Every structure is written in C-alpha cells, then in structure tokens.
Amino acid sequence: MNKNNKKSVGFILLDIFYITMAILPLGVGILLKLISTPPSDGGVTISGARVFWHIDISSSNFLDIFITEAQINSVLVIITILFVCLFLTHGLKQKIWLKRQHLAEIIIEKVDSMVADNMGEPFKAFPPFIIAIMALSAFSSLITLLGLFPPTSDINIVGGWAILVFIIITYYKMKCGLGYYIGGFMKPVFILAPINAIGEFATPVSMAFRHYGNVMSGAVISVLVSYFLGQFSTLLFGDGAISVFQVGLPAILSLYFDIFSGCLQAFIFAMLTMLNISTAFDADEYERRKKKKLEKKPKR
Amino acid sequence: MALAIGIILGCCALGAGIAMIAGIGPGIGEGNAVASACEAIGRQPESKGAVTTTMIMGCAIAETTGLYALVVAILLIFVAPNTFIPLLAKYVPVA
Amino acid sequence: MFDEVLNIISVNLWSIIASLLNLLIIFLIIFFVLYKPVKKMLKERQKTIEDSYERASEAEAEANASKEAYEKKLEDAKDEADDIIKSAVVTAKAREKEIIDSAKEESEQIVNQAKENAQLEMKKAQATIKGEIVDVSTKLTKKLLEREINEKDHADLIDSFIDEIGEE
C-alpha cells in the first residue's frame with residue numbers, strides 16, 4: 001500500500017500548477033486594483049465598482065455596456081474556483097490517500113444531505129447548483145480580505161443570481177401547467193392577483209437586496225470606521241502622522257463583516273434558494289397530473 | 001440656489017436618519033429570537049447545534065428589514081444629492 | 001485613466017445578464033469538475049464495499065458448510081468408534097465365555113480322569129491288598145495249623161472268606 005501512496009513527480013507538478021492557477025487570478029485582481037486606483041484625496045468616498053470600459057449604446061446607464069471591477073473580479077473568482085475544484089478532485093481514489101479528498105467528500109455529502117433535508121425527493125439534481133451558489137457567493141465576499149472589490153456588493157451581480165433563482169422558481173411553478181400557475185395568483189380571491197404578482201417579484205428582489213445590503217453595509221461601515229480612525233489620529237498627532245488607530249479595530253470589523261457575514265450570507269442565499277424552489281413545486285399536483293396523462297395515453 | 005442645495009442636503013440627511021429608525025425592529029426581533037434560543041438551549045442543551053443554526057438563519061432573515069433601511073439611508077446620503085442637485089440646476093433658472 | 005466610478009447602487013442590464021451567465025458557468029464547472037467525479041468515485045466505492053460484503057458472506061457460507069461437513073464426519077467417526085468398541089466388547093465377552101467354558105470342561109475332564117484313576121488305583125490296591133491278605137493269612141494259617149492241612153483247601157477257604165468280606 002505504501003508504494004501507491006507516493007506522489008509521482010508529474011502529480012506534484014500538476015498540483016503546483018493548479019495551486020498557482022488558483023492564486024494567479026487573485027494576484028491579477030490585486031494588480032488591476034493597484035493600477036486603476038487613483039491617488040486618494042483624503043476624503044471619504046463611498047461608491048460602487050470602478051468602470052474599466054464604458055461603451056455608450058444609449059443615453060441611459062441601464063442599457064450601456066460597462067466592464068466593471070465587479071465583473072472582472074467575478075470572472076477571476078470563477079477561474080479560482082475552477083482550479084480549486086480541479087485541485088480537490090486531483091488524484092481521486094476509492095481508497096483515500098490525500099487529505100483534500102476528505103474535504104471534497106465532506107462538501108458533497110453535507111450539501112447532499114442538506115438538499116435532501118430541505119428540498120426532498122424531486123430535487124435530486126440540485127446539490128451542484130447549491131454548491132455553485134455557495135462557492136461563488138462565499139468566494140466573492142471573501143475576496144475583500146485581499147483588498148479587492150467584492151462582486152457581491154454590486155447589486156447587478158447578486159441581482160443576476162436572484163433572477164436565475166427566480167427563473168428556476170417560475171419553471172417549477174409552471175411544471176404543473178400554465179393554467180395552474182396563473183390560477184395560483186388568484187388564490188384567495190381573484191382581486192388579490194396584482195398583490196400576489198408583486199409578492200412573486202418580491203422574492204428575487206428581497207434575496208438580492210439582502211445579500212447586497214449585508215456585504216455593502218459591511219464595506220461602508222468599514223470605510224467609515226477607518227476614515228474616522230484616521231481623522232482621530234490626525235487630530236491627536238497632527239497631519240501626516242502614521243494613523244495608529246487604523247491598525248487594530250478594522251481587522252476585528254473585517255473579521256465580522258467579511259468572514260462571518262460573507263459566509264453566513266452565502267449560506268442564507270443558498271438556503272433561501274432551496275426553500276423557495278422547493279415550496280414553489282407542488283409535488284402532489286404534479287403527480288396527479290402525471291397519473292392523469294398516463295391514464296389518458298392507452299385510450300388513444 | 002445655495003439655500004436650495006442646503007435644503008436638499010439637509011433633507012437627505014434627515015431622511016437617512018429617519019430611515020434608520022427601522023433599525024429598532026430587527027433589534028427587538030433578533031433580541032427576542034436570541035432570548036428564545038437561549039431558553040430552548042437551557043431546556044434542551046443537547047439540541048444546541050440545531051437551535052443555534054436555526055437562530056442564526058432567522059436572525060439573518062430578520063435583519064433584512066434593517067438592511068433595507070440601511071440601503072435607503074445610504075442611497076439618501078451618497079446617491080440622492082448627486083442626482084437631485086443636477087436636477088435642481090437643470091430645472092430651476094439661476095436667479 | 002480609470003476615473004469613472006459607478007454609483008453605489010446602479011442597475012445595469014448587461015451586468016445582470018453577465019452575472020447570471022457566470023452563475024450558470026460555475027454551476028457547470030462544479031457539476032463536471034467536482035460533483036460528478038466525486039459522486040462516481042463514491043458509487044464505485046459503494047460497489048466495491050458491497051462486493052466485498054458479498055464475497056465475505058459467500059466465504060462465510062462456505063466455511064459454515066465445511067464446518068458442518070467436518071462436524072458430521074466427526075460424529076460419524078464417533079459412531080464408528082462406538083461400534084468398534086461395542087463389537088470388541090461382544091467378541092471379548094464371547095471369547096471370555098469360550099475360555100471359561102473350555103477351562104471348565106478341561107477341569108471337569110481332569111477331575112473325571114482323576115476320579116477314574118483313583119478308582120483304578122483303588123481297584124488295583126484292593127487286588128493287591130486282597131493278594132497280600134491271602135498270602136498273609138495263608139502264611140498265618142500255615143504257621144498256626146502247621147499240620148497236614150491241605151494247602152489247597154486252605155486257600156479256597158480263605159478266598160471264600162475274603163470274598164464274603166469283600167461282598168459285604
């Protein structure tokens with residue numbers, strides 16, 4: 001058995017390649033950030049993502065094409081996740097001989113059991129999607145630890161995810177037929193249809209704003225606190241002094257806002273996705289319709 | 001003109017402050033949630049893990065309204081003046 | 001160079017579509033790179049474990065069968081041994097009886113022969129004693145009478161006398 005446990009040279013080289021490729025995008029992101037950030041004028045500026053490229057198509061900002069920091073960063077995060085996944089599944093064997101395989105198995109088994117608990121039988125295919133949401137959200141939030149702009153604090157990014165979830169929800173609601181779906185809006189009384197429709201659209205909006213608000217408020221508070229601490233040290237030691245107070249406290253805040261809140265929001269986004277999708281699907285009605293269809297077929 | 005800009009800024013700040021009154025709600029709600037969770041853990045210490053997870057979940061969801069208020073307040077402070085002052089300059093003739 | 005900065009909240013259609021596609025891409029990545037291989041491996045492992053269980057149970061059944069066979073053989077051997085012992089006991093008893101019988105017969109024979117011998121001896125002795133007595137009495141009477149008594153008459157007389165005695 002010991003003979004098999006030795007890593008070959010090619011294996012180690014591939015490992016190193018994967019790790020470098022996982023770290024490289026983050027380095028590129030930091031480099032981009034360093035290049036693109038203009039010298040600060042000392043004031044507190046709270047703004048969204050920096051625009052790298054702006055193509056004017058129409059007069060409104062809604063339809064123009066922006067290549068922003070947030071999009072670049074999310075692409076970098078995707079590359080990182082791809083290589084982390086490749087690294088985790090590299091050298092997969094039935095008999096565990098690498099520690100990383102435990103991690104891969106734990107992730108998949110935990111998410112599998114979570115999906116089985118919260119969603120049930122008809123949603124067997126969902127674990128990869130849930131892992132994808134969790135990984136993307138968590139990595140996007142944790143990227144702030146490197147000083148990069150977190151894509152999750154851009155409403156467009158989170159909004160896109162929420163809209164995808166909304167599409168899946170609607171798909172599952174329509175699985176029982178279009179008439180049943182529209183009938184669902186007029187549930188208690190048909191007058192309530194507009195309110196129900198608003199409620200329908202409130203789901204993705206609230207999901208997007210929850211995630212966006214959490215990450216963004218963390219960033220805003222961090223900026224405000226660090227600005228305030230800088231001002232405080234200027235007040236005490238005069239202009240140009242090293243801001244002593246900026247050393248400790250922002251790290252603690254970052255511990256909460258970046259790490260804890262980022263992971264928690266990723267978890268909550270995934271959880272809400274699961275719950276919303278599973279409540280959208282009326283399994284009994286679907287079974288009933290399926291049975292009806294099967295009964296009809298032989299008669300023809 | 002300066003007065004008008006001042007009024008806009010002041011109202012934005014005031015609005016942001018008023019919006020953050022909504023912070024009371026999640027505060028009370030989360031306090032209740034944590035109190036109940038503590039009680040539950042005291043009654044059944046073996047179910048600590050499940051209770052804690054559910055509580056954090058619930059807290060995060062209850063926090064949402066507060067976050068909406070925060071978003072509105074941030075919009076009012078950082079975005080609204082930038083949009084309203086150009087509008088003012090556009091539509092109000094300089095006296 | 002990059003002076004333009006978005007508002008802290010600004011909605012843009014293409015960004016939304018791009019992030020939506022990003023999520024789809026990452027879903028595909030996770031599915032094909034992480035989820036599928038691990039699931040496949042887990043399935044294979046499950047299969048291997050089930051196979052080994054099956055093999056183990058088969059081996060156990062085999063072992064049980066051979067154990068039963070051995071036990072049966074052992075019991076047979078015991079029975080056989082019992083049989084052997086029993087037959088041995090029977091033959092031994094038979095032989096014992098035979099020996100005893102033959103011994104008895106022999107002893108009886110010996111006793112009979114001894115009796116016969118004794119009677120023969122007795123008869124012999126009787127005859128010799130008779131002759132001696134005749135002799136002695138003849139001598140006695142010769143001396144006593146010492147007269148002309150016919151020797152022949154004497155002998156007849158004594159013989160008849162002794163015969164009378166022997167008949168008594």
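The structure is a predicted model. Over all chains, a search of the whole structure finds ten salt bridges and zero disulfides.

**Cysteines**

- A disulfide is a covalent bond between the sulfur atoms of two cysteines.
- The search of the whole structure turns up zero disulfides over all chains.
- In chain A, the sulfur of C85(A) has its closest cysteine sulfur in C263(A), 16 Å away, and that is too far for a bond. A pair would have to lie within 2.5 Å to count as a disulfide.
- C85(A) is buried, at a relative accessible area of 4%.
- In chain B, C59(B) is in no disulfide either, and the nearest cysteine sulfur, in C38(B), is 10 Å away.
- C59(B) also counts as buried, with 12% relative accessibility.

**A nonpolar surface patch**

- Residues of chains A and C make a nonpolar surface patch of about 740 Å².
- From chain A the patch takes I57(A), F62(A) and L63(A).
- From chain C it takes V11(C), W14(C), I17(C), L21(C), L24(C) and I25(C).
- L63(A) sits in the loop that runs between strand 1 (51-55) and strand 2 (65-68) of chain A.
- L63(A) counts as partly exposed because its relative accessibility is 34%, which falls between the limits of 20% for buried and 50% for exposed.

**Helix 1 of chain A**

- Helix 1 of chain A covers residues 9-36, which is 28 residues.
- From the first C-alpha to the last, helix 1 of chain A reaches 40 Å, close to the 40 Å expected at 1.5 Å a residue.
- Buried residues in helix 1 of chain A are F11(A), D15(A), Y18(A), A22(A), P25(A), G29(A) and S36(A).
- An α-helix has 3.6 residues a turn, so residues three or four places apart point the same way.
- The cover over the buried residues of helix 1 of chain A includes strand 1, helix 2 (69-88) and helix 3 (99-118) of chain A.

- E69(A) and K33(A) form a salt bridge through their side chains, at 3.9 Å from N to O.

**A salt bridge within one helix**

- E285(A) and R289(A) form a salt bridge in which the closest N and O atoms are 3.1 Å apart.
- Helix 9 (residues 283-299) of chain A holds both E285(A) and R289(A), which are four residues apart, about one turn of the helix.
- Salt bridges that share partners join E285(A), R288(A) and R289(A) into one network.
- E285(A) is buried, with 11% relative accessible area, whereas R289(A) is partly exposed, with 35%.

**Single residues**

- R43(B) is in helix 2 (residues 24-43) of chain B, and R43(B) is exposed at 64% relative accessible area.
- From C-alpha to C-alpha, R43(B) and M55(B) are 15 Å apart in space, and they are twelve residues apart in sequence.
- S254(A) is part of helix 8 (residues 249-280) of chain A.
- S254(A) has a relative accessible area of 19% and is therefore buried, since the limit for buried is under 20%.
- Apart from neighbours within four places in sequence, S254(A) is in contact with L145(A) and I259(A).
- S254(A) and G238(A) are 16 residues apart in sequence, and their C-alpha atoms are 27 Å apart in space.
- H154(C) lies in helix 2 (residues 151-167) of chain C and counts as buried at 10% relative accessibility.
- H154(C) and K142(C) are twelve residues apart in sequence and 8.6 Å apart in space, from C-alpha to C-alpha.

Technical notes. Residues are numbered from 1 along each chain as its sequence is written. Chains are lettered from A and ligands numbered from 1 in the order in which they are written. This is a predicted model: local features need pLDDT of at least 70, side-chain atom pairs count only at pLDDT 80 or more; totals for chains, interfaces and linings use all residues. Side-chain values use heavy atoms; hydrogens and water are left out. Buried means under 20% relative accessible area, exposed over 50%, partly exposed in between (1.4 Å probe, protein chains only). Patches are made of residues with over 30% relative accessible area and no salt bridge: like charges are joined within 9 Å, nonpolar side chains (Val, Leu, Ile, Met, Phe, Trp, Tyr) within 5 Å. Accessible areas come from the Shrake-Rupley method with a 1.4 Å probe; for residues, only the protein chains shown count as cover. A salt bridge is a side-chain nitrogen of Lys or Arg within 4 Å of a carboxyl oxygen of Asp or Glu. Helices (H or I, at least four residues) and strands (E, at least two) are DSSP runs, numbered from the N terminus. The expected span of a helix is 1.5 Å times one less than its number of residues. Contact means heavy atoms within 4.5 Å.
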